[in-house]
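Subject: Handover of a structure

Dear colleague,

I am passing this structure on to you, and below it you will find what turned up when I went through it. Please have it open while you read.

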Amino acid sequence: VEEGARAVRIMQAALGAPVRRPSMRPIFQLLLSVAVASATSGGCAARQRSGGAEASVAAPQRFRIDLTLDVRSVVEGTASHPWTAAPDERTALELTVETSASRTFRDGSEGTLVRVTAARHGADAEAGLEAMELGGRSFELRVFEGREILAADLVEHLVGPARQLDVYDLLLPVLSPFPPPLDVGQSAARAMRWPLVVAPDRYVRGTVAATWTNVGLVEVEASPAWRLDYQGPWTGKLRDGRAQGAVKGTASGSVWIDAASGALARHDFDWKRQVEMRYPAPEGEGVRILQDQHFVGRLQQVSE
Amino acid sequence: VSGLLLLLLCQGAWAAEEEDAAAAAARDAAPLPRYLSVTELRQPLLTGLPALAACPGFAAAPDGSVELRWRIAPSGEPVDLQLSGPMLGSDDVAACVRLRFLELRFPEHDEVGESVRAVVAKQADAFLPFVDVQIEPRSIGPLFLKFPRELNSADLSTWALGLGSMASDRAVAPPSP
(Lines give C-alpha, C1' and ligand atoms only; values in the text may rest on other atoms or scores of the structure.)
Protein backbone atom coordinates (compact mmCIF):
# COMPACT_ATOMS: atom_id res chain seq x y z
CA VAL A 1 0.00 0.00 0.00
CA GLU A 2 2.80 2.38 0.90
CA GLU A 3 4.53 1.65 -2.36
CA GLY A 4 1.29 2.29 -4.21
CA ALA A 5 0.76 5.58 -2.46
CA ARG A 6 4.36 6.58 -3.17
CA ALA A 7 3.85 5.77 -6.85
CA VAL A 8 0.71 7.92 -6.91
CA ARG A 9 2.58 10.83 -5.32
CA ILE A 10 5.40 10.49 -7.92
CA MET A 11 2.87 10.44 -10.71
CA GLN A 12 1.04 13.45 -9.27
CA ALA A 13 4.35 15.34 -9.01
CA ALA A 14 5.20 14.44 -12.59
CA LEU A 15 1.80 15.64 -13.79
CA GLY A 16 2.01 18.81 -11.75
CA ALA A 17 -0.89 17.96 -9.43
CA PRO A 18 -0.71 19.15 -5.79
CA VAL A 19 0.56 16.63 -3.23
CA ARG A 20 -1.97 15.94 -0.42
CA ARG A 21 -0.61 15.65 3.07
CA PRO A 22 -1.81 12.67 5.16
CA SER A 23 -4.98 13.73 7.01
CA MET A 24 -5.37 13.55 10.83
CA ARG A 25 -9.13 13.61 10.52
CA PRO A 26 -9.64 9.82 10.90
CA ILE A 27 -7.71 9.83 14.17
CA PHE A 28 -9.79 12.67 15.60
CA GLN A 29 -12.95 11.00 14.37
CA LEU A 30 -11.95 7.80 16.12
CA LEU A 31 -11.19 9.61 19.41
CA LEU A 32 -14.41 11.59 19.16
CA SER A 33 -16.48 8.48 18.56
CA VAL A 34 -14.89 6.84 21.62
CA ALA A 35 -15.66 9.90 23.72
CA VAL A 36 -19.24 10.12 22.44
CA ALA A 37 -19.78 6.43 23.08
CA SER A 38 -18.45 6.90 26.60
CA ALA A 39 -20.70 9.89 27.24
CA THR A 40 -23.84 8.32 25.82
CA SER A 41 -23.37 5.15 27.85
CA GLY A 42 -23.17 6.96 31.17
CA GLY A 43 -20.13 9.23 31.06
CA CYS A 44 -17.50 8.69 33.72
CA ALA A 45 -19.84 6.36 35.61
CA ALA A 46 -20.07 3.97 32.70
CA ARG A 47 -17.53 1.60 34.20
CA GLN A 48 -19.55 1.20 37.37
CA ARG A 49 -22.78 0.43 35.61
CA SER A 50 -21.44 -2.21 33.28
CA GLY A 51 -22.89 -5.52 34.21
CA GLY A 52 -19.92 -7.79 33.70
CA ALA A 53 -18.55 -9.98 36.42
CA GLU A 54 -15.35 -7.96 36.55
CA ALA A 55 -17.24 -4.73 37.21
CA SER A 56 -19.34 -6.27 39.97
CA VAL A 57 -16.18 -7.29 41.82
CA ALA A 58 -14.04 -4.22 41.27
CA ALA A 59 -16.61 -1.46 41.57
CA PRO A 60 -18.47 -0.84 44.83
CA GLN A 61 -22.22 -1.25 44.81
CA ARG A 62 -24.35 1.35 46.52
CA PHE A 63 -27.70 0.76 48.13
CA ARG A 64 -30.31 2.84 49.84
CA ILE A 65 -32.37 1.21 52.58
CA ASP A 66 -35.54 2.72 54.00
CA LEU A 67 -37.45 0.94 56.73
CA THR A 68 -39.84 1.51 59.58
CA LEU A 69 -39.75 -0.41 62.84
CA ASP A 70 -42.81 -0.65 65.08
CA VAL A 71 -42.07 -1.78 68.61
CA ARG A 72 -44.31 -2.91 71.44
CA SER A 73 -42.81 -4.13 74.69
CA VAL A 74 -44.08 -6.12 77.63
CA VAL A 75 -42.00 -6.37 80.80
CA GLU A 76 -42.58 -9.00 83.45
CA GLY A 77 -40.90 -9.35 86.82
CA THR A 78 -40.13 -5.76 87.74
CA ALA A 79 -41.72 -2.33 87.80
CA SER A 80 -38.73 -0.27 88.82
CA HIS A 81 -36.79 0.45 85.67
CA PRO A 82 -37.42 3.34 83.28
CA TRP A 83 -38.62 1.19 80.41
CA THR A 84 -41.74 -0.11 82.14
CA ALA A 85 -43.93 2.83 81.16
CA ALA A 86 -42.42 3.36 77.72
CA PRO A 87 -45.05 3.80 75.02
CA ASP A 88 -45.23 1.83 71.81
CA GLU A 89 -42.90 3.41 69.34
CA ARG A 90 -42.33 3.74 65.61
CA THR A 91 -38.88 4.45 64.21
CA ALA A 92 -37.96 5.34 60.66
CA LEU A 93 -34.48 4.38 59.52
CA GLU A 94 -32.72 5.60 56.40
CA LEU A 95 -29.37 4.13 55.36
CA THR A 96 -27.03 4.39 52.44
CA VAL A 97 -24.66 1.45 52.18
CA GLU A 98 -21.70 0.72 49.98
CA THR A 99 -20.44 -2.82 49.45
CA SER A 100 -17.16 -3.82 47.88
CA ALA A 101 -15.25 -7.08 47.58
CA SER A 102 -12.45 -7.17 50.13
CA ARG A 103 -10.84 -10.61 50.02
CA THR A 104 -11.25 -14.26 49.09
CA PHE A 105 -10.87 -16.95 51.73
CA ARG A 106 -9.33 -20.37 51.22
CA ASP A 107 -12.71 -22.08 51.38
CA GLY A 108 -13.87 -20.01 48.42
CA SER A 109 -15.99 -17.64 50.46
CA GLU A 110 -15.78 -13.97 49.70
CA GLY A 111 -15.32 -11.11 52.13
CA THR A 112 -17.42 -8.08 51.34
CA LEU A 113 -16.79 -4.80 53.06
CA VAL A 114 -20.10 -3.17 53.99
CA ARG A 115 -19.74 0.52 54.73
CA VAL A 116 -22.70 2.42 56.12
CA THR A 117 -22.01 5.73 54.45
CA ALA A 118 -24.94 7.52 56.09
CA ALA A 119 -27.54 6.59 58.70
CA ARG A 120 -30.44 8.65 60.02
CA HIS A 121 -33.37 7.73 62.21
CA GLY A 122 -36.30 9.32 63.94
CA ALA A 123 -39.97 9.01 64.70
CA ASP A 124 -41.18 10.38 61.38
CA ALA A 125 -39.28 10.46 58.10
CA GLU A 126 -41.34 13.36 56.81
CA ALA A 127 -40.71 15.46 59.92
CA GLY A 128 -36.97 14.96 59.58
CA LEU A 129 -34.50 12.36 60.75
CA GLU A 130 -31.37 12.81 62.79
CA ALA A 131 -27.97 11.25 62.18
CA MET A 132 -27.03 8.16 64.17
CA GLU A 133 -23.60 6.78 64.94
CA LEU A 134 -24.07 3.82 62.64
CA GLY A 135 -23.08 6.12 59.79
CA GLY A 136 -19.45 5.94 58.73
CA ARG A 137 -18.89 2.51 60.23
CA SER A 138 -18.12 -0.72 58.44
CA PHE A 139 -18.23 -4.44 58.89
CA GLU A 140 -17.22 -7.39 56.78
CA LEU A 141 -19.79 -9.82 55.48
CA ARG A 142 -18.34 -13.19 54.58
CA VAL A 143 -20.49 -15.05 52.08
CA PHE A 144 -20.37 -18.18 50.00
CA GLU A 145 -21.28 -18.22 46.33
CA GLY A 146 -24.93 -17.29 45.96
CA ARG A 147 -24.74 -14.82 48.89
CA GLU A 148 -25.15 -17.42 51.63
CA ILE A 149 -23.95 -15.68 54.78
CA LEU A 150 -21.18 -17.38 56.68
CA ALA A 151 -20.13 -14.68 59.16
CA ALA A 152 -20.18 -10.97 59.91
CA ASP A 153 -16.96 -9.59 61.34
CA LEU A 154 -16.13 -6.30 63.09
CA VAL A 155 -19.77 -5.85 64.14
CA GLU A 156 -18.84 -4.91 67.72
CA HIS A 157 -18.39 -1.35 66.47
CA LEU A 158 -21.93 -1.17 65.18
CA VAL A 159 -24.00 -2.38 68.13
CA GLY A 160 -25.42 -0.79 71.25
CA PRO A 161 -27.27 2.49 71.76
CA ALA A 162 -27.10 4.98 68.88
CA ARG A 163 -25.69 2.30 66.53
CA GLN A 164 -28.16 -0.57 66.92
CA LEU A 165 -27.10 -3.03 64.25
CA ASP A 166 -28.03 -5.60 66.92
CA VAL A 167 -31.65 -4.45 66.63
CA TYR A 168 -31.50 -4.25 62.84
CA ASP A 169 -29.66 -7.54 62.38
CA LEU A 170 -32.09 -8.41 59.59
CA LEU A 171 -30.08 -5.99 57.44
CA LEU A 172 -27.60 -8.82 56.91
CA PRO A 173 -30.02 -11.08 54.99
CA VAL A 174 -31.64 -8.00 53.44
CA LEU A 175 -28.26 -7.14 51.94
CA SER A 176 -27.42 -10.73 51.15
CA PRO A 177 -30.54 -12.80 50.43
CA PHE A 178 -29.98 -16.39 49.41
CA PRO A 179 -32.52 -17.54 46.82
CA PRO A 180 -32.17 -20.94 45.15
CA PRO A 181 -31.83 -21.29 41.36
CA LEU A 182 -35.38 -21.67 40.03
CA ASP A 183 -37.19 -21.82 36.72
CA VAL A 184 -40.04 -19.38 36.18
CA GLY A 185 -43.05 -20.38 38.24
CA GLN A 186 -41.08 -22.93 40.24
CA SER A 187 -40.91 -22.90 44.06
CA ALA A 188 -38.38 -24.39 46.46
CA ALA A 189 -37.34 -24.12 50.07
CA ARG A 190 -34.05 -22.59 51.10
CA ALA A 191 -33.20 -21.10 54.49
CA MET A 192 -31.42 -17.80 55.09
CA ARG A 193 -29.18 -17.92 58.15
CA TRP A 194 -27.07 -15.16 59.64
CA PRO A 195 -25.00 -14.90 62.80
CA LEU A 196 -24.37 -11.51 64.41
CA VAL A 197 -21.69 -12.36 66.94
CA VAL A 198 -20.49 -9.41 69.00
CA ALA A 199 -18.59 -11.55 71.53
CA PRO A 200 -18.72 -15.22 72.55
CA ASP A 201 -21.47 -14.36 75.05
CA ARG A 202 -23.23 -11.70 73.01
CA TYR A 203 -24.85 -12.86 69.80
CA VAL A 204 -28.01 -13.33 67.82
CA ARG A 205 -28.37 -16.15 65.31
CA GLY A 206 -31.30 -15.77 62.97
CA THR A 207 -32.92 -18.14 60.49
CA VAL A 208 -35.72 -17.68 58.00
CA ALA A 209 -36.85 -21.02 56.60
CA ALA A 210 -38.05 -19.46 53.39
CA THR A 211 -39.99 -20.88 50.48
CA TRP A 212 -38.95 -19.11 47.30
CA THR A 213 -40.87 -18.65 44.05
CA ASN A 214 -39.49 -17.38 40.76
CA VAL A 215 -42.10 -14.90 39.56
CA GLY A 216 -40.28 -14.23 36.29
CA LEU A 217 -38.35 -11.58 34.45
CA VAL A 218 -39.46 -8.00 35.14
CA GLU A 219 -38.07 -4.53 34.55
CA VAL A 220 -36.30 -2.70 37.38
CA GLU A 221 -35.06 0.78 36.48
CA ALA A 222 -35.28 -0.17 32.79
CA SER A 223 -33.13 -3.26 33.32
CA PRO A 224 -34.42 -6.84 33.19
CA ALA A 225 -34.33 -8.54 36.58
CA TRP A 226 -35.50 -11.83 38.04
CA ARG A 227 -38.13 -11.39 40.72
CA LEU A 228 -38.17 -13.98 43.49
CA ASP A 229 -40.78 -13.91 46.25
CA TYR A 230 -40.26 -15.61 49.60
CA GLN A 231 -42.00 -16.21 52.88
CA GLY A 232 -41.36 -18.37 55.90
CA PRO A 233 -40.98 -18.56 59.67
CA TRP A 234 -38.31 -16.48 61.40
CA THR A 235 -36.55 -18.05 64.38
CA GLY A 236 -33.42 -17.28 66.31
CA LYS A 237 -31.46 -17.50 69.51
CA LEU A 238 -29.92 -14.64 71.44
CA ARG A 239 -27.47 -14.28 74.25
CA ASP A 240 -26.43 -11.10 76.02
CA GLY A 241 -24.13 -11.90 78.87
CA ARG A 242 -26.13 -13.87 81.39
CA ALA A 243 -29.37 -13.06 79.62
CA GLN A 244 -30.69 -15.45 77.02
CA GLY A 245 -33.51 -15.17 74.58
CA ALA A 246 -35.30 -16.45 71.54
CA VAL A 247 -36.92 -15.08 68.43
CA LYS A 248 -40.16 -16.20 66.78
CA GLY A 249 -41.82 -14.57 63.83
CA THR A 250 -42.51 -14.54 60.12
CA ALA A 251 -40.73 -13.03 57.16
CA SER A 252 -41.85 -12.29 53.64
CA GLY A 253 -40.50 -10.25 50.78
CA SER A 254 -39.42 -9.97 47.18
CA VAL A 255 -35.93 -9.91 45.76
CA TRP A 256 -34.97 -8.58 42.33
CA ILE A 257 -31.74 -9.93 40.83
CA ASP A 258 -30.30 -8.12 37.81
CA ALA A 259 -30.51 -10.56 34.90
CA ALA A 260 -27.31 -9.36 33.26
CA SER A 261 -24.96 -9.01 36.19
CA GLY A 262 -26.55 -11.23 38.85
CA ALA A 263 -26.32 -8.31 41.29
CA LEU A 264 -28.98 -7.54 43.87
CA ALA A 265 -31.12 -4.76 42.43
CA ARG A 266 -33.93 -4.44 44.96
CA HIS A 267 -35.32 -6.13 48.06
CA ASP A 268 -38.73 -5.39 49.57
CA PHE A 269 -39.30 -6.93 52.99
CA ASP A 270 -41.97 -7.24 55.66
CA TRP A 271 -40.62 -9.09 58.68
CA LYS A 272 -42.20 -9.52 62.13
CA ARG A 273 -40.77 -11.12 65.23
CA GLN A 274 -41.21 -11.37 68.94
CA VAL A 275 -37.97 -11.14 70.90
CA GLU A 276 -38.04 -12.77 74.32
CA MET A 277 -35.17 -11.96 76.68
CA ARG A 278 -34.79 -13.49 80.13
CA TYR A 279 -32.54 -11.68 82.57
CA PRO A 280 -31.71 -13.89 85.54
CA ALA A 281 -31.65 -12.42 89.01
CA PRO A 282 -29.49 -13.52 91.96
CA GLU A 283 -32.73 -14.00 93.88
CA GLY A 284 -36.24 -14.39 92.58
CA GLU A 285 -37.48 -14.90 89.08
CA GLY A 286 -35.55 -12.18 87.29
CA VAL A 287 -36.96 -10.14 84.43
CA ARG A 288 -38.65 -11.31 81.26
CA ILE A 289 -39.06 -8.88 78.38
CA LEU A 290 -41.15 -9.52 75.31
CA GLN A 291 -40.75 -7.11 72.45
CA ASP A 292 -42.75 -7.23 69.21
CA GLN A 293 -40.74 -5.81 66.35
CA HIS A 294 -42.23 -5.23 62.90
CA PHE A 295 -39.86 -4.21 60.11
CA VAL A 296 -41.13 -3.00 56.75
CA GLY A 297 -38.75 -1.61 54.19
CA ARG A 298 -37.01 -1.57 50.88
CA LEU A 299 -33.43 -1.88 49.70
CA GLN A 300 -32.68 -0.45 46.30
CA GLN A 301 -29.46 -0.25 44.35
CA VAL A 302 -28.48 3.30 43.45
CA SER A 303 -25.94 4.52 40.95
CA GLU A 304 -24.70 7.50 42.97
CA VAL B 1 -10.62 18.15 21.37
CA SER B 2 -13.75 18.06 23.51
CA GLY B 3 -13.68 14.29 23.34
CA LEU B 4 -10.10 14.22 24.56
CA LEU B 5 -10.96 16.60 27.39
CA LEU B 6 -13.88 14.39 28.42
CA LEU B 7 -11.66 11.33 28.40
CA LEU B 8 -9.05 13.11 30.53
CA LEU B 9 -11.71 14.25 33.00
CA CYS B 10 -13.10 10.74 33.25
CA GLN B 11 -9.65 9.30 33.82
CA GLY B 12 -9.15 11.77 36.66
CA ALA B 13 -12.50 10.88 38.22
CA TRP B 14 -11.79 7.16 37.98
CA ALA B 15 -8.37 7.56 39.54
CA ALA B 16 -9.83 9.61 42.43
CA GLU B 17 -12.52 6.97 43.00
CA GLU B 18 -9.94 4.21 43.13
CA GLU B 19 -7.83 6.21 45.60
CA ASP B 20 -10.89 6.79 47.82
CA ALA B 21 -11.77 3.11 47.73
CA ALA B 22 -8.19 2.14 48.59
CA ALA B 23 -8.10 4.61 51.49
CA ALA B 24 -11.43 3.34 52.83
CA ALA B 25 -10.31 -0.27 52.55
CA ALA B 26 -7.05 0.49 54.38
CA ARG B 27 -8.93 2.32 57.14
CA ASP B 28 -11.48 -0.44 57.55
CA ALA B 29 -8.82 -3.14 57.59
CA ALA B 30 -7.48 -1.75 60.88
CA PRO B 31 -10.51 -0.59 62.88
CA LEU B 32 -9.99 1.62 65.90
CA PRO B 33 -10.46 0.09 69.33
CA ARG B 34 -13.86 0.80 70.78
CA TYR B 35 -12.35 1.53 74.18
CA LEU B 36 -8.89 2.61 75.26
CA SER B 37 -7.20 0.50 77.86
CA VAL B 38 -5.65 1.86 81.04
CA THR B 39 -2.20 1.17 79.58
CA GLU B 40 -3.00 3.21 76.50
CA LEU B 41 -4.10 6.10 78.70
CA ARG B 42 -1.23 5.91 81.13
CA GLN B 43 1.54 6.30 78.56
CA PRO B 44 0.56 9.79 77.30
CA LEU B 45 0.07 10.88 80.91
CA LEU B 46 3.55 9.74 81.90
CA THR B 47 5.02 11.36 78.82
CA GLY B 48 3.34 14.67 79.62
CA LEU B 49 4.11 14.68 83.34
CA PRO B 50 7.42 16.60 83.08
CA ALA B 51 5.72 19.37 81.12
CA LEU B 52 3.03 19.70 83.77
CA ALA B 53 5.60 19.66 86.57
CA ALA B 54 7.50 22.45 84.86
CA CYS B 55 4.60 24.88 85.28
CA PRO B 56 5.81 27.80 87.39
CA GLY B 57 4.55 27.48 90.91
CA PHE B 58 3.47 23.87 90.47
CA ALA B 59 6.80 22.39 91.52
CA ALA B 60 6.91 24.70 94.53
CA ALA B 61 3.43 23.72 95.68
CA PRO B 62 3.10 21.81 98.92
CA ASP B 63 2.76 18.05 98.82
CA GLY B 64 -0.64 16.94 97.75
CA SER B 65 -2.56 15.84 94.72
CA VAL B 66 -4.47 17.10 91.74
CA GLU B 67 -7.49 15.38 90.32
CA LEU B 68 -8.10 15.58 86.62
CA ARG B 69 -11.30 14.58 84.83
CA TRP B 70 -11.65 14.78 81.11
CA ARG B 71 -13.12 13.15 78.08
CA ILE B 72 -11.22 11.84 75.10
CA ALA B 73 -12.62 12.66 71.71
CA PRO B 74 -12.44 9.90 69.08
CA SER B 75 -9.51 11.80 67.57
CA GLY B 76 -7.55 11.36 70.81
CA GLU B 77 -7.86 14.98 71.83
CA PRO B 78 -8.63 15.64 75.53
CA VAL B 79 -11.71 17.80 76.03
CA ASP B 80 -13.88 19.05 78.91
CA LEU B 81 -10.98 19.07 81.39
CA GLN B 82 -11.84 19.67 85.04
CA LEU B 83 -9.08 20.28 87.60
CA SER B 84 -9.35 20.21 91.37
CA GLY B 85 -7.04 19.85 94.34
CA PRO B 86 -5.03 21.92 96.81
CA MET B 87 -1.82 21.71 94.77
CA LEU B 88 -3.15 24.01 92.09
CA GLY B 89 -2.72 27.09 94.27
CA SER B 90 -3.22 30.16 92.13
CA ASP B 91 -5.20 30.55 88.93
CA ASP B 92 -1.97 30.96 86.98
CA VAL B 93 -0.81 27.49 88.00
CA ALA B 94 -4.16 25.98 87.07
CA ALA B 95 -4.14 27.76 83.71
CA CYS B 96 -0.65 26.49 82.94
CA VAL B 97 -1.50 22.90 83.88
CA ARG B 98 -4.67 23.11 81.84
CA LEU B 99 -2.90 24.47 78.78
CA ARG B 100 -0.17 21.87 78.83
CA PHE B 101 -2.51 19.01 79.58
CA LEU B 102 -4.72 19.88 76.63
CA GLU B 103 -1.67 19.52 74.39
CA LEU B 104 -1.46 15.82 75.23
CA ARG B 105 -2.72 13.37 72.64
CA PHE B 106 -4.22 9.98 73.36
CA PRO B 107 -4.78 7.16 70.90
CA GLU B 108 -7.69 7.44 68.54
CA HIS B 109 -10.67 5.31 69.41
CA ASP B 110 -14.18 4.52 68.27
CA GLU B 111 -16.12 5.43 71.41
CA VAL B 112 -17.90 8.73 71.83
CA GLY B 113 -17.21 10.64 74.98
CA GLU B 114 -14.95 8.31 76.88
CA SER B 115 -14.49 9.79 80.37
CA VAL B 116 -11.29 9.45 82.33
CA ARG B 117 -10.31 10.35 85.87
CA ALA B 118 -6.71 10.50 87.01
CA VAL B 119 -4.83 11.75 90.04
CA VAL B 120 -1.30 13.08 90.14
CA ALA B 121 0.40 13.25 93.51
CA LYS B 122 3.48 15.15 94.67
CA GLN B 123 5.55 14.09 97.63
CA ALA B 124 8.95 15.38 98.73
CA ASP B 125 9.60 17.27 95.49
CA ALA B 126 8.80 14.20 93.43
CA PHE B 127 5.80 13.90 91.19
CA LEU B 128 4.35 10.44 91.47
CA PRO B 129 2.95 8.73 88.43
CA PHE B 130 -0.76 8.92 87.89
CA VAL B 131 -1.86 6.10 90.11
CA ASP B 132 -5.59 6.25 89.84
CA VAL B 133 -6.87 6.04 86.31
CA GLN B 134 -10.49 5.12 85.86
CA ILE B 135 -12.23 4.77 82.55
CA GLU B 136 -15.93 5.38 82.52
CA PRO B 137 -16.96 4.24 79.07
CA ARG B 138 -20.48 4.61 77.94
CA SER B 139 -22.37 1.42 78.57
CA ILE B 140 -23.29 -0.44 75.44
CA GLY B 141 -26.40 -1.55 77.34
CA PRO B 142 -28.46 -4.65 76.74
CA LEU B 143 -28.46 -5.71 73.11
CA PHE B 144 -31.14 -6.84 70.68
CA LEU B 145 -33.96 -4.74 72.13
CA LYS B 146 -35.08 -1.40 70.78
CA PHE B 147 -34.92 1.21 73.50
CA PRO B 148 -37.22 4.19 73.75
CA ARG B 149 -35.46 7.27 72.44
CA GLU B 150 -36.03 9.23 75.66
CA LEU B 151 -33.82 6.87 77.67
CA ASN B 152 -30.47 8.50 78.31
CA SER B 153 -27.16 6.73 78.66
CA ALA B 154 -27.25 6.87 82.47
CA ASP B 155 -30.61 5.09 82.53
CA LEU B 156 -29.33 2.53 80.09
CA SER B 157 -26.24 1.88 82.15
CA THR B 158 -28.23 1.57 85.37
CA TRP B 159 -30.71 -0.69 83.72
CA ALA B 160 -28.05 -2.85 82.10
CA LEU B 161 -26.37 -3.38 85.42
CA GLY B 162 -29.71 -3.94 87.16
CA LEU B 163 -30.74 -6.57 84.67
CA GLY B 164 -27.42 -8.29 85.05
CA SER B 165 -26.55 -8.15 81.37
CA MET B 166 -23.44 -6.18 82.22
CA ALA B 167 -21.77 -7.33 85.42
CA SER B 168 -18.76 -5.09 84.86
CA ASP B 169 -17.33 -3.32 81.90
CA ARG B 170 -14.57 -5.02 79.98
CA ALA B 171 -12.66 -1.79 79.56
CA VAL B 172 -12.24 -1.17 83.26
CA ALA B 173 -9.13 -2.80 84.59
CA PRO B 174 -7.34 -2.26 87.87
CA PRO B 175 -4.43 0.17 87.56
CA SER B 176 -1.04 -1.41 87.67
CA PRO B 177 0.97 -0.71 90.81
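Glu67(B) is partly exposed, at 23% relative accessibility (buried means under 20% relative accessible area, exposed over 50% and partly exposed in between, with a 1.4 Å probe and protein chains only). Before going further, please bear in mind that this is a predicted model, in which local features need pLDDT of at least 70 and side-chain atom pairs count only at pLDDT 80 or more, while totals for chains, interfaces and linings use all residues. Residues are numbered from 1 along each chain as its sequence is written, chains are lettered from A and ligands numbered from 1 in the order in which they are written, and side-chain values use heavy atoms, with hydrogens and water left out.

Salt bridges

The partner of Glu67(B) in a salt bridge is Arg117(B), with 3.3 Å between the closest N and O atoms (the term stands for a side-chain nitrogen of Lys or Arg within 4 Å of a carboxyl oxygen of Asp or Glu). This pair links distant parts of the chain, since Glu67(B) sits in strand S1 (residues 64-72) of chain B and Arg117(B) in strand S3 (residues 114-123) of chain B, 50 residues apart (helices, H or I with at least four residues, and strands, E with at least two, are DSSP runs numbered from the N terminus). Arg117(B), at 14% relative accessibility, counts as buried.

Over all chains, the search of the whole structure gives 21 salt bridges. One of them, in chain A, joins the side chains of Glu94(A) and Arg64(A), at 3.5 Å from N to O. Here, too, distant parts of the chain are linked, with Glu94(A) in strand S2 (residues 89-104) of chain A and Arg64(A) in strand S1 (residues 61-76) of chain A, 30 residues apart. Glu94(A) is buried at 17% relative accessibility, whereas Arg64(A), at 34%, is partly exposed. A network of salt bridges connects Arg64(A) and Glu94(A) with Asp66(A) and Arg120(A). Elsewhere in chain A, Arg278(A) forms a salt bridge with Glu276(A), the closest N and O atoms lying 3.0 Å apart, and Arg278(A) is partly exposed, with a relative accessible area of 47%.

Aromatic rings in chain A

The structure holds 10 aromatic pairs over all chains, where rings of Phe, Tyr and Trp (its six-membered ring) pair if their centres lie within 6.5 Å, and planes under 30 degrees apart count as stacked, over 60 as edge-to-face and the rest as tilted. Among them are the rings of Trp194(A) and Trp271(A), whose centres lie 5.9 Å apart with planes at 50°, so this pair is tilted. Trp194(A) belongs to strand S7 (residues 187-199) of chain A and Trp271(A) to strand S11 (residues 264-279) of chain A, so the pair ties together parts that are 77 residues apart in sequence. Trp194(A) is buried, with a relative accessible area of 1%, and Trp271(A) is buried at 0%.

Chain B and its helix H2

Chain B comes to four helices and five strands, and from the N terminus on its elements run α-α-β-β-α-β-β-β-α. Of its 177 residues, 43% are buried. Helix H2 (residues 38-53) of chain B has 16 residues and reaches 22 Å from its first C-alpha to its last, close to the 22 Å expected at 1.5 Å a residue (the expected span is 1.5 Å times one less than the number of residues). H2(B) bends by about 35° at Thr47(B), with a proline, Pro50(B), following within four residues; the bend is the angle between axes fitted to the seven residues ending there and the seven starting there. The buried residues of H2(B) include Leu41(B), Leu45(B), Leu49(B) and Leu52(B).

Positive phi values

Most residues other than glycine have a negative phi. Gln164(A), although not a glycine, has a positive phi of about 70°; this residue lies in the loop between strand S6 (149-153) and helix H5 (171-175) of chain A, and at 7% relative accessibility Gln164(A) counts as buried. In chain B, Asp80(B) has a positive phi near 55° and is likewise a residue other than glycine. Asp80(B) is found in strand S2 (residues 78-84) of chain B and is partly exposed, with a relative accessible area of 48%.

With kind regards
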